[in-house]
Amino acid sequence: MNRHTVRERLLASTMIGGAALMALSAAPAFAADDQPAQVKEVVITGSRIPQPGLTSTSPLSVINDQEVKLQGTTNAESLVNSLPSVFASQGNDVSNGSTGTATVNLRGLGAKRTLVLVDGKRLMPGDPQGSGSAGNAADLNQIPATLIDRVEVVTGGASAVYGSDAIAGVVNFIMKKDFEGLRIDSQYSFYQHNNDDTFSQGINKTRGFNAPSGNVTDGGVWDFTAVLGASSPDGKGNVTAYAGYRNTQAVTENKRDYSNCSVSTVGNAAHVCAGSSTSFPGRFVSIVLPSQPSYTVDNAGNLSPFGAANQFNFAPYNYFQRPDERYTAGAFAHYQVKPWMDVYSSMMFMDDHTVAQIAPSGAFFGTPFKVNCDNPFLSAAEVTAFCTSQGLTTAQQTTLFIGRRNVEGGPRQDDLRHTSYRLTLGAKGDFADAWTYDIYGQYGTTVYAENYLHDLSITKLGRSLQVVNVAGTPTCKSFVDGTDPNCVPYNVFHANGATPAANAYLDTPGFKEGSTTEQIVSASVSGDLGKYGLKSPWAKDGVGIALGAEYRREALDYRTDQEFSSGDLAGQGGPTPSVHGSFDVKEVFGEIRVPVIQDAPFAKDLSLEGGYRTSDYSSSGHVNSYKLSGEWAPTDDVRFRGSFQRAVRAPNISELFAPNALGLFGGQDPCAGAAPTASLAACQNMGVTAGQYGTIIQCISAQCGGLFGGNPNLKPEESDTRSYGVVFTPTFFKGFSFTVDYFDITVDKVIGALNPGTALALCAGGNTTFCGFVHRQATTGIIFGTGPTAGFVTATNVNAGKLQTRGWDMEGNYRTQLADWGMGDHGSIAFNFVGTKTDKFDVQPLPGAAIKACAGKYGPGCGGSPLFGAPTPEWRHKIRATWNTPWHMSLSADWRYIGSVEAVTTTGAPLGVNNVDRSIPSYSYFDLSGTWTFRDGMQLRAGVNNLFDKAPPIVDGSNIGLSSPPFGNGNTFPQTYDALGRTFFIGITADF
């Protein structure tokens with residue numbers, strides 16, 4: 001009996017989701033002779049117990065391979081991101097803050113709380129960096145979209161079945177296997193947009209920027225996959241092998257008029273083109289005395305006040321879509337060596353190389369630099385402003401904040417490569433009539449290398465600014481005294497004073513490398529105890545059970561060079577320390593399914609399920625997870641289901657063992673500016689002196705300094721998921737099904753950095769417990785900067801936060817023959833509707849802190865992480881209608897809807913009614929696609945997504961205290977909205 005495949009009728013359907021599953025399970029399968037065929041037992045995601053029908057007590061969505069073709073996607077993250085229950089995460093349109101990976105974020109609870117499986121088995125961590133909401137999450141780049149048979153998505157806790165990380169749910173990619181012959185699949189896609197936004201072009205023109213206009217086509221993606229399969233002559237085995245290549249072309253932000261400049265707000269009423277105060281030719285402030293003016297310079301060294309017009313437009317340099325080159329290869333094989341033993345194996349390989357590009361590095365404003373007052377590069381005006389007026393002589397040194405972009409050196413480029421290997425070897429089969437078993441070992445590793453180019457060394461900057469006159473030649477002091485014979489003077493005091501030699505000296509690359517390793521040994525059995533007479537007297541099916549044990553070991557090795565580990569790179573925001581560590585876990589688990597009543601009046605099926613898993617972590621101790629669920633189908637027309645799940649997520653290696661290091665967080669200093677929002681008394685509790693009050697410089701680009709790091713005493717997160725639903729499969733309405741499920745997920749002991757913005761707000765509000773976390777730069781009082789004198793807020797990992805989300809999932813399917821409606825023999829039409837209503841998404845970063853209500857909001861503290869702020873709309877849906885014609889063609893239209901959201905600030909308060917960033921309106925996208933089988937084994941597909949070329953919403957993240965990376969890119973949220981315009985695609989599948 002083949003217990004590990006789902007009926008091919010499911011795969012042929014264009015429907016998506018659990019409602020489709022239920023509809024299919026309500027009707028018999030038919031063999032070729034139209035006689036009822038035996039319904040085989042199957043295993044579906046969410047349980048290990050084989051079941052005679054395709055039912056699930058948890059909300060389950062299914063995406064089949066037809067949807068892959070109709071979406072025109074070549075990457076797995078875009079495929080699952082189309083579901084309304086999936087929120088923004090890492091992808092190819094993230095540049096500033098990119099890890100180079102692709103992740104999935106169910107329910108907005110973070111990618112590290114979503115467990116990813118391939119054929120029911122864990123996909124190993126995809127990146128050793130381990131920062132942010134992605135953590136060490138699986139990298140979906142490892143999964144070639146062409147090989148996806150279907151995707152089963154369970155939303156809600158599933159740790160009792162699958163173990164740690166399944167707090168938000170499980171995404172299970174079922175791959176194509178048992179293939180025979182040769183299949184060639186190729187697709188090309190590109191973006192097209194008409195730059196006709198008169199407002200964006202107007203604000204660019206006001207600043208003197210050249211915004212693009214008219215039609216543009218770019219961002220081409222070419223994907224090629226070959227699949228070769230053969231079965232053994234005796235029919236007992238099969239080998240399916242594949243190889244793939246994908247090439248993605250870069251798109252920079254200056255290719256769209258709405259992203260050509262970084263927007264800011266004037267009086268909260270209108271967007272204008274703004275930028276960074278680390279500018280060109282530069283911003284200079286003496287910090288010897290408080291409250292000194294900011295200057296910029298010209299080519300002769302003359303000073304003028306630095307203002308908004310002098311800010312640096314960093315947007316044109318940034319990638320909107322990263323260039324990417326990916327190779328994949330692998331094989332799936334099995335052979336039945338005995339009637340009771342099917343030996344199977346799989347191998348998956350990926351090599352992904354991408355480059356994330358952002359604006360040039362520089363001497364970033366906020367880092368103090370010593371400059372000798374007899375520096376020959378200083379003009380007379382500069383000596384007066386920076387030295388004489390500060391009470392210094394030419395024999396002394398001044399201290400400056402210098403914000404000067406290295407435009408001569410070009411943009412920073414983060415060259416990222418991930419190479420992964422995943423090997424599985426196992427055996428499964430049936431024995432003793434009532435039992436099945438599955439024993440396997442799995443090894444997965446991801447090798448990572450990162451080469452960061454065109455950054456500048458802070459140490460070298462300091463040396464190159466200490467310059468003396470040697471026989472009429474400006475010369476570094478470090479060259480004279482021999483401490484750095486390679487030093488070249490850096491003339492930032494004249495607009496075009498930097499020389500190629502100075503740029504070459506300062507240009508400093510950084511290198512990181514590392515790997516993650518996951519090893520698993522697992523054994524499980526499942527049985528039908530009805531074979532031994534153990535069943536309810538009112539049921540025809542017996543009690544089903546599954547038992548098993550698993551051992552898993554995870555290791556991480558993350559190595560950074562001296563430049564990264566010391567924090568010497570100016571554009572990194574602080575040091576990046578190396579991380580090493582490992583843990584293992586021993587687990588025992590079990591499930592039981594008890595059919596109580598079957599085929600009785602008002603009880604077509606009444607069943608109960610339970611599950612339990614006990615886990616012993618070497619790193620965080622003992623933890624238990626469990627589930628209890630049930631379903632009641634009074635008739636074939638309706639089925640009620642409900643479940644309770646306790647799920648866990650053990651801290652990952654980075655969260656446990658990462659050394660403390662400076663970084664950035666999105667927020668504002670309540671004690672900064674001429675009119676601080678916090679009182680003098682509150683600011684004094686945060687280290688501000690009376691003299692500094694009213695003079696402190698605000699965090700640059702809403703990015704303040706934080707001290708981040710691991711905590712070896714962390715405990716696992718715990719979550720409780722409650723879900724209740726009803727499934728309608730009315731026999732009187734042929735081809736129709738509909739599901740409605742309520743979900744309520746609460747996550748306690750949330751692991752994360754002590755939210756620095758919340759600590760600031762609590763201290764400013766009078767809770768002095770958190771004031772001690774604020775460490776200000778002694779002279780200026782700022783809480784940003786780089787190097788040993790930087791200001792920061794302590795933000796190391798703690799078990800302190802709480803998350804709660806609840807709402808409704810809805811899904812409907814209808815499929816009918818047009819002939820049944822008197823429209824002739826013109827094929828069939830299928831409708832699919834998937835929607836998610838989020839009634840509540842609350843974030844409480846610390847006990848006693850205010851609860852931030854994020855449902856229907858965007859802004860800091862929302863969007864799946866305390867820092868990222870991506871929209872959490874109250875309503876999202878997707879509706880697809882597909883006409884399957886009798887002429888070997890299908891035509892499909894899709895409507896994607898994203899509800900409106902309102903901005904929420906760092907404090908949780910809404911913006912003023914006249915604020916331009918107060919809200920983002922609802923968005924509707926319409927897609928058209930189709931397939932045509934023009935000859936046997938040859939199918940053409942084509943389509944256009946975002947048919948009406950709807951431009952994305954434009955927001956100023958800093959207006960609400962939101963740091964832009966990684967999910968705010970190009971003044972918008974590219975992982976939520978279609979950011980680059982229309983997408984055209986055309987592809988072909990050829991079977992030989």
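Q: Which residues lie nearest the centre of the second largest cavity?
A: The model is a predicted one. In it, 23 residues line the second largest cavity. Those nearest its centre are Arg122, Pro125, Asn136, Asp165 and Glu554.

Q: Which element gives the most to the lining of the second largest cavity?
A: Two elements give two or more residues to this lining, namely strand 4 (114-118) and strand 28 (544-560). The top contribution is three residues, and it comes from strand 4.

Q: How many charged residues are in the lining of the second largest cavity?
A: Sorted by class, this lining has twelve nonpolar and four polar residues.

Q: What is the volume of the second largest cavity?
A: Cavities of 30 Å³ or more are counted here, and there are twelve of them. The largest cavity holds about 1,000 Å³ of space. For the second largest cavity, the volume is about 270 Å³.

Q: Which residues lie nearest the centre of the largest cavity?
A: The lining of the largest cavity is made up of 50 residues. Helices 3 (65-71) and 4 (76-81) each give two or more residues to it, and so do several strands, including strand 8 (181-195) and strand 43 (875-884). Nearest the centre are Ser78, Asn81, Asp93, Tyr191 and Asp978.

Q: How many polar residues does the lining of the largest cavity have?
A: By class, the lining of the largest cavity includes 18 nonpolar and twelve charged residues. Its polar residues number 20.

Q: Which residue in strand 26 stands opposite Val467?
A: Strand 25 (residues 467-470) and strand 26 (residues 473-476) run antiparallel and are joined by four bridges. Across from Val467 stands Cys476.

Q: Which residue in the turn between strand 25 and strand 26 has a positive phi?
A: The two strands form a hairpin, with two residues between them. The phi in question is about 55°, and the residue is Ala471.

Terms used:
Residues numbered from 1 in each chain as written. Predicted model: local features only at pLDDT ≥ 70, side-chain atom pairs only at ≥ 80, totals over all residues. Heavy atoms only, no water. Pairing = 2+ DSSP bridges. 1 Å grid on protein atoms, 1.4 Å probe; cavity = no way out; pocket = protein on both sides within 12 Å on 5 of 7 lines; lining within 4 Å. Points joined across faces, edges and corners; volume = space filled by probe spheres on them. Nonpolar A, V, L, I, M, F, W, Y, C, P; charged D, E, K, R; others polar.
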